[in-house]
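Student: I have a model open and want to learn to read its features. Where do we start?

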Amino acid sequence: MEQRILLIEDNPDITRVVEYELEQAGYKVVSAADGVSGLTSARESSPDLVILDLGLPDFDGAEIARRLRKTSSVPIIILTAMDAVDRKVNLLEAGADDYMTKPFHPEELVARVKVQLRHQQHGEVITIGSLEIHPQKRLCHYNGHEVRLSPKEFDLLTFLARQPGRVYSRQEIEREVWNGELPSNSNVVDVHMANMRAKLRDLDGYGIIRTVRGIGYALKTA
């Protein structure tokens, strides 16, 4: 299957060059010229990798990386004109897997894309105590037993697991997991939480999801 690369870059000259090099290497390229359309494309096209310019006209690229990382483990390569070490560290902390400083050689970018995609094939594993989540395989285990979750339950548990201990409000969960498409006063989040707890309870894992009264939910860190 042809692998899909999402390029979020506002410079049309760079976009044309990168698109050409990636397509010559056998990848399908989806391009976006700003952060909002980039996030929309990421949601709709499910890319295998994202190349993200830091200096976008609407959002800082690091913020886009953080938003992508909340719900996805897709590899992210940042393109930046800044060479400061502390800035690079901040990019990696925001969720970037790699970065390239402009100006860059397109051939090197393609090589780094190949490296990241090879790493991705091995599959990320999120481990929190007895909980084990495989985002790429969409598998979840607790105490060595598979937890059979619905697609949205899996997305929800993975979202919480990326920052265990952090309390998310129902509004944040609705926005990130349901893309803000739920009607007001919906109890869909609570229903999904109850369903997940029931499935985890059968494996002695009922208590790993914590309710913070009046605020929302969190995944316990251990």
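Predicted model: local features only at pLDDT ≥ 70, side-chain atom pairs only at ≥ 80, totals over all residues.

Student: Which residues of helix H2 are buried?

Tutor: Buried means under 20% relative accessible area, with a 1.4 Å probe and protein chains only. Helices are DSSP runs of H or I, at least four residues; strands are runs of E, at least two; both are numbered from the N terminus. In H2 (residues 35-45), Gly-35, Gly-38, Leu-39, Ser-41, Ala-42 and Ser-45 are buried. Down the axis of H2 they fall within an arc of 160°, so they line one face. The arc uses directions from the helix axis to the C-beta atoms.

Student: What do the buried residues of H2 pack against?

Tutor: Contact means heavy atoms within 4.5 Å. The partners are strand E1 (4-8), strand E2 (28-32) and helix H3 (61-71).

Student: What follows H2?

Tutor: Ser-46, with a positive phi near 45°.

Student: Which residues touch the most other members of the largest nonpolar core?

Tutor: A nonpolar core is a set of buried Ala, Val, Leu, Ile, Met, Phe, Trp, Tyr and Cys residues joined through side-chain atoms within 4.5 Å. Here the largest has 28 residues, and Ile-173, Met-193 and Leu-219 touch the most other members. Helix H6 gives the most to this core, with 6 residues. A second, separate core of 18 residues includes Leu-56 and Ile-64.

Definitions and conventions
Residues numbered from 1 in each chain as written. Heavy atoms only, no water. Buried < 20%, exposed > 50% of the residue type's maximum accessible area, 1.4 Å probe, protein only.
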